[in-house]
Amino acid sequence: MNARFPHPAPGPAPGNAAIKIDDGAVEIDASIVGAGLGLEPQEVLSLMRAKAITSVCEHGVDDDAGRYRLTFFHKGRRLRLIVDDCGRVMRRSTIDFGDRPLPARIHRTGE
């Protein structure tokens with residue numbers, strides 16, 4: 001899926017932890033997802049297999065070419081990462097609705 005998304009603030013890319021991008025395939029360390037969703041890293045893979053964590057990966061177009069938007073959902077939380085094509089995190093955000101489920105509009109990738 002292609003997308004346009006906000007540009008990061010200028011400056012160095014924080015969080016250069018293990019995100020690998022190879023020919024459009026993205027591999028991300030479970031500790032990054034776990035930290036953003038309030039989970040232990042060892043929980044992430046089993047929750048993804050159980051479809052309790054879902055995700056969307058979008059590749060930027062036009063001015064955003066070379067960037068990816070990675071979005072992860074779990075219960076009442078959404079983690080969003082904007083990364084460059086080297087896997088450096090340019091922007092990170094988390095929305096936490098506590099015990100309430102995420103509103104349906106939050107699951108739309110452009111929100």
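Visitor: Which residue stands opposite Ser 93 in E7?

Guide: Arg 80 stands opposite Ser 93. The model is predicted, so local features need pLDDT of at least 70 and side-chain atom pairs count only at pLDDT 80 or more, while totals for chains, interfaces and linings use all residues. Residues are numbered from 1 along each chain as its sequence is written, and side-chain values use heavy atoms, with hydrogens and water left out.

Visitor: How many bridges join E6 to E7?

Guide: Seven bridges join strand E6, residues 77-84, to strand E7, residues 89-96, and the two run antiparallel. Strands pair if DSSP finds at least two bridges between them. Helices (H or I, at least four residues) and strands (E, at least two) are DSSP runs, numbered from the N terminus.

Visitor: And what about the turn between E6 and E7?

Guide: E6 and E7 form a hairpin with four residues between them. Gly 87 in that turn has a positive phi of about 90°.

Visitor: Back to Arg 80. Which side chain does the side chain of Thr 71 make a polar contact with?

Guide: The partner is the side chain of Arg 80, at 3.1 Å. A polar contact is a pair of N or O atoms within 3.5 Å; within protein, one must be able to donate a hydrogen and the other to accept it, and residues adjacent in sequence count only if both atoms are side-chain atoms.

Visitor: Where does Thr 71 lie, then? Buried or exposed?

Guide: Thr 71 lies in strand E5. Thr 71 counts as buried because its relative accessible area is 0%. Buried means under 20% relative accessible area, exposed over 50%, and partly exposed in between (1.4 Å probe, protein chains only).

Visitor: What does Thr 71 touch?

Guide: Leaving out residues up to four places away in sequence, Thr 71 touches Thr 54, Ser 55, Val 56, Arg 78, Leu 79 and Arg 80. Contact here means heavy atoms within 4.5 Å.

Visitor: Change of topic. How many salt bridges?

Guide: The count comes to four. A salt bridge is a side-chain nitrogen of Lys or Arg within 4 Å of a carboxyl oxygen of Asp or Glu. One of them joins Glu 58 and Arg 69, with the closest N and O atoms 2.8 Å apart. That pair links distant parts of the chain: Glu 58 is in strand E4 (residues 53-60) and Arg 69 in strand E5 (residues 67-74), 11 residues apart.

Visitor: Are Glu 58 and Arg 69 buried or exposed?

Guide: Both Glu 58 and Arg 69 are buried.

Visitor: What does Arg 67 pair with?

Guide: The side chain of Arg 67 meets that of Asp 64 in a salt bridge, 3.6 Å from N to O. Asp 64 is buried at 1% relative accessibility, and Arg 67 is buried with a relative accessible area of 18%.

Visitor: And Arg 77, which residue does it form a salt bridge with?

Guide: Arg 77 forms one with Asp 96, the closest N and O atoms being 3.3 Å apart. The pair links distant parts of the chain, Arg 77 in strand E6 and Asp 96 in strand E7, 19 residues apart. Both ends are partly exposed: Arg 77 has a relative accessible area of 21%, and Asp 96 has 46%.

Visitor: Now E2. Which residues are on its covered face?

Guide: In strand E2, residues 19-22, the covered face has Ile 19 and Ile 21, and the uncovered one has Lys 20 and Asp 22. In a regular strand the side chains alternate between the two faces of the sheet.

Visitor: What does E2 pair with?

Guide: E2 pairs with strand E3, residues 25-28, in the antiparallel sense over four bridges. Lys 20 stands opposite Glu 27 in E3. Their hairpin has two residues between the strands, and Asp 23 takes a positive phi near 55° there.

Visitor: Where is Lys 51, and what is its phi?

Guide: Lys 51 is in the loop between helix H2 (41-49) and E4. Its phi is positive, about 60°, although Lys 51 is not a glycine. Lys 51 counts as exposed because its relative accessibility is 68%.

Visitor: And Asp 62, what is its phi?

Guide: The phi of Asp 62 is near 55°, a positive value in a residue other than glycine. Asp 62 sits in the loop between E4 and E5 and is exposed, with a relative accessible area of 61%.
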